[in-house]
Amino acid sequence: MRCIGSRLMPAALPIEHRTEAMDEGNAADWLAEQLFAGESVAVGTKAPNGWVVTDDMVENVHIYLQALDCGAMQVETTHGSETWQVRGRADHISFRDGVLTIDDLKYGWRIVEPEMNWTLISHAIGWSTQNDVKIDRVVLRIIQPRAYHPMGPVRAWAFDGNMLALYLRDIDTRLFSPSDELTSGIEQCAKCHALAGCPAARRASMNAIDVVQDMAFSDDLPNDILAHEYEVLDQAADMVKMVRDARKELLTYRIQSGQVVQGYALKQRQGQRAWIAGMSGKALSAATGVDLIKDGVVTP
């Protein structure tokens with residue numbers, strides 16, 4: 001909805017390429033499904049993608065689960081017309097007393113807001129087209145347990161159920177005869193499949209560098225100007241970092257694929273750590289002959 005031309009852009013990385021953040025998020029989704037279904041998952045268990053479940057992940061997923069009402073997880077919300085289709089699957093949906101609630105678990109650190117979140121709006125539209133019930137109110141919720149937000153980990157935005165028809169009309173208008181316009185921005189670029197090779201994002205990041213280089217500082221700046229310039233610089237830094245991270249991921253993939261990139265190479269590092277089952281400080285001390293036990297009070 002924000003960058004219609006992105007559908008024409010080829011993916012910078014193959015669809016099977018995974019990042020650590022994606023693997024960790026998928027493991028959190030899997031853990032939430034298991035616990036929601038009443039299954040027991042111990043710390044140290046490996047998710048289907050190989051990511052080890054940690055005590056922090058269990059704690060954060062419990063924050064998500066405690067916010068949920070009755071309902072279902074991983075709900076198919078695909079909908080469309082004769083000319084377009086939006087495919088989707090919601091993390092959790094519940095419907096009670098005329099109120100439709102769409103919940104989305106965000107396990108990453110980038111702040112996501114529920115207001116005018118077209119992904120969640122699309123989930124609501126998809127569910128309403130599949131279920132012939134009167135919806136009085138729609139509540140969209142982002143549940144983000146790890147990233148700090150002044151409103152807390154659970155943030156909601158609500159609107160009248162009649163608005164769903166208007167939002168569906170907006171989607172149909174946008175997709176019925178789409179243009180090839182590319183529009184850069186923090187929200188739409190953050191997870192775009194084509195970010196590393198997008199000309200609009202490249203221009204935005206280069207413009208951001210110009211902003212940073214040209215911005216002068218004066219001690220006698222009025223407060224309103226100071227606040228505005230700080231906001232501009234903050235947005236510029238976010239845009240540059242986002243494009244830089246995308247290029248780094250593409251650079252890493254190409255080196256892993258055997259291509260030579262002058263001046264760069266990959267260095268091995270330790271991956272996610274997990275205790276070996278049955279291992280303890282006493283056992284390690286007995287095996288090595290070295291006292292590996294540290295006495296002290298555990299911090300709160």
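Here is a short walk through this structure, from the whole chain down to a few single residues.

What you have on screen is a predicted model. Start with the overall picture: the protein chain folds into eight helices and seven strands. Its C-alpha trace spans about 70 × 55 × 50 Å along the principal axes. Of the 300 residues in the protein chain, 33% count as buried. The accessible surface of the protein chain comes to about 19,300 Å², and carbon and sulfur atoms account for 53% of that surface. Among contacts in the protein chain between residues at least 6 apart in sequence, 64% join residues at least 24 apart.

Now turn to a pair of helices, H3 (residues 118-130) and H4 (residues 163-176). How do H3 and H4 pack, and at what angle? Their axes lie 10 Å apart and meet at an angle of about 110 degrees. Angles of 65 to 115 degrees count as roughly perpendicular, so H3 is roughly perpendicular to H4. The crossing in which H3 passes H4 is left-handed.

From H3 come Trp 118, Ile 121, Ala 124, Ile 125 and Ser 128. They meet Leu 164, Tyr 167, Leu 168, Asp 170 and Ile 171 of H4. Sorted by class, the contact of H3 with H4 has eight nonpolar residues, one polar residue and one charged residue.

Is Ser 122 buried or exposed? Its relative accessible area is 8%, and buried means under 20%, so Ser 122 counts as buried. Setting aside neighbours within four places in sequence, Ser 122 is in contact with Thr 77, His 79 and Val 86.

Finally, look at the backbone in two loops. Met 116 lies in the loop between E5 and H3. Although Met 116 is not a glycine, it has a positive phi of about 50 degrees. Met 116 counts as partly exposed, at 29% relative accessibility.

The other loop joins strand E4 (89-96) to strand E5 (99-105), and Asp 97 has its place there. Asp 97 is not a glycine either, yet it has a positive phi of about 55 degrees. With a relative accessible area of 72%, Asp 97 is exposed.

Notes:
Residues numbered from 1 in each chain as written. Predicted model: local features only at pLDDT ≥ 70, side-chain atom pairs only at ≥ 80, totals over all residues. Heavy atoms only, no water. Axes fitted to C-alpha atoms, helices over the stretch in contact; angles between N-to-C directions. Helix = DSSP H or I, 4+ residues; strand = E, 2+ residues; numbered from the N terminus. Parallel < 35°, antiparallel > 145°, perpendicular 65-115°, else oblique. Left-handed = near helix turned anticlockwise from the far one by under 90°. Contact = heavy atoms within 4.5 Å. Nonpolar A, V, L, I, M, F, W, Y, C, P; charged D, E, K, R; others polar. Buried < 20%, exposed > 50% of the residue type's maximum accessible area, 1.4 Å probe, protein only. Areas by Shrake-Rupley, 256 points an atom, 1.4 Å probe, with all protein chains shown as cover.
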